[in-house]
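Have the structure open and follow along.

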Amino acid sequence: MDITLARTFLEIVETQSFQRAAQKLNVTQTSVSARVRTLEQLLERRLFVRNKAGAALTRAGEQFLPHATMLVQVWERARHQVAVPVGSRAVLAAGCEISLWDPLLLRWLLKLRADDASLAIRTEVGFPHDLLDKVAAGVLDIAIVYAPQQRPGLRVELLIEEKLVMVTTAKPARIPQPADYVYVDWGPEFATQHDLAFPELAHAAVSAGLGPLGREFLLAAGGTGYFRLDVVRAYLESGHLRRVPDTPEFLYPAYAVYAVGADTRIVDPALAALRQVASAGPGPIAARQL
């Protein structure tokens, strides 16, 4: 079966619409409909029921869903393994959410290379929905994300129960005015809790969509903001930053997401290394002599 048919089927399931699937696949809606007809002819079953609300799976479509997911994942895995660099035994494709890569992704990469120099590693940083799409499609073996949505064919494992804490460069440490506040966008759940706790800080003077950027701005220009405890711990110990007393902490856990049918020879050791790095907590990153 043409792998494009399985990809089209999965895109319709994700978007619940032939039209939206066509837009995401950058093809016409007629092409999407033709692919579905071909797939239904091959399977001798109707896969979708179309109505004004969009497209819903039939019973046969629900039964085909895990198989379509597996087909795409196996194809992507085969494509990546064929492209293994000379001297390497396999390739691990890993992704990490933008707000979580620092320093977890770097520590993980160092651990993986120290454990097995024959493993080639391909990494990317992105948004959670895109990363989960790539894990589901087999493009990524593992993704590290915050608050992932449950999806068929994916496994989700808690790595770190991280906390966001309010820190400041001010002496004494106190709740800031909006002009002194650096708001970091840690996602919709944080935004809701933050607005309830600090409605007066809804219009901060500086907003950052990236945690490391907000942290570096805070250290350079001064101010107050919420940051991941493990990331700012060294600055707290050195006295460059201080915890603001009597302020709430917000949970910010990190999860590992991988496919049910993932290649265990690659994924299992990588997950073991990731768990070890995550449980070890903060610490100096050893420089490697070149």
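Keep in mind that this is a predicted model.

Now turn to the faces of β5 (residues 142-145), both of which are covered. Ile142 and Ile144 are buried on one side, and Ala143 and Val145 are buried on the other.

Two of those residues turn up again in the largest nonpolar core, which has 61 residues: Ile142 and Ile144 are among those with the most contacts inside it, along with Leu92, Trp108, Trp186 and Tyr226. Helix α10 (residues 264-280) gives the most to this core, eight residues. Zoom in on Ile144 and, leaving aside residues up to four places away in sequence, you'll find it touching Gly95, Trp108, Tyr255 and Leu274, among others. There's also a second, separate core of 22 residues, with Phe18, Ala21, Ala68 and Val72 included.

Phe18 leads us on to a helix pair. Helix α2 (residues 18-25) packs against helix α3 (residues 29-43) at about 110°, with the axes 8 Å apart. That angle makes the two helices roughly perpendicular. On the α2 side, the contact uses Phe18, Gln19, Ala22 and Leu25, while α3 brings Gln29, Val32, Ser33, Arg35 and Val36. Sort the residues of this contact by type and you get five nonpolar, three polar and one charged.

Note on methods:
Residues numbered from 1 in each chain as written. Predicted model: local features only at pLDDT ≥ 70, side-chain atom pairs only at ≥ 80, totals over all residues. Heavy atoms only, no water. Axes fitted to C-alpha atoms, helices over the stretch in contact; angles between N-to-C directions. Helix = DSSP H or I, 4+ residues; strand = E, 2+ residues; numbered from the N terminus. Parallel < 35°, antiparallel > 145°, perpendicular 65-115°, else oblique. Contact = heavy atoms within 4.5 Å. Nonpolar A, V, L, I, M, F, W, Y, C, P; charged D, E, K, R; others polar. Buried < 20%, exposed > 50% of the residue type's maximum accessible area, 1.4 Å probe, protein only. Core = buried A, V, L, I, M, F, W, Y, C linked by side-chain atoms within 4.5 Å.
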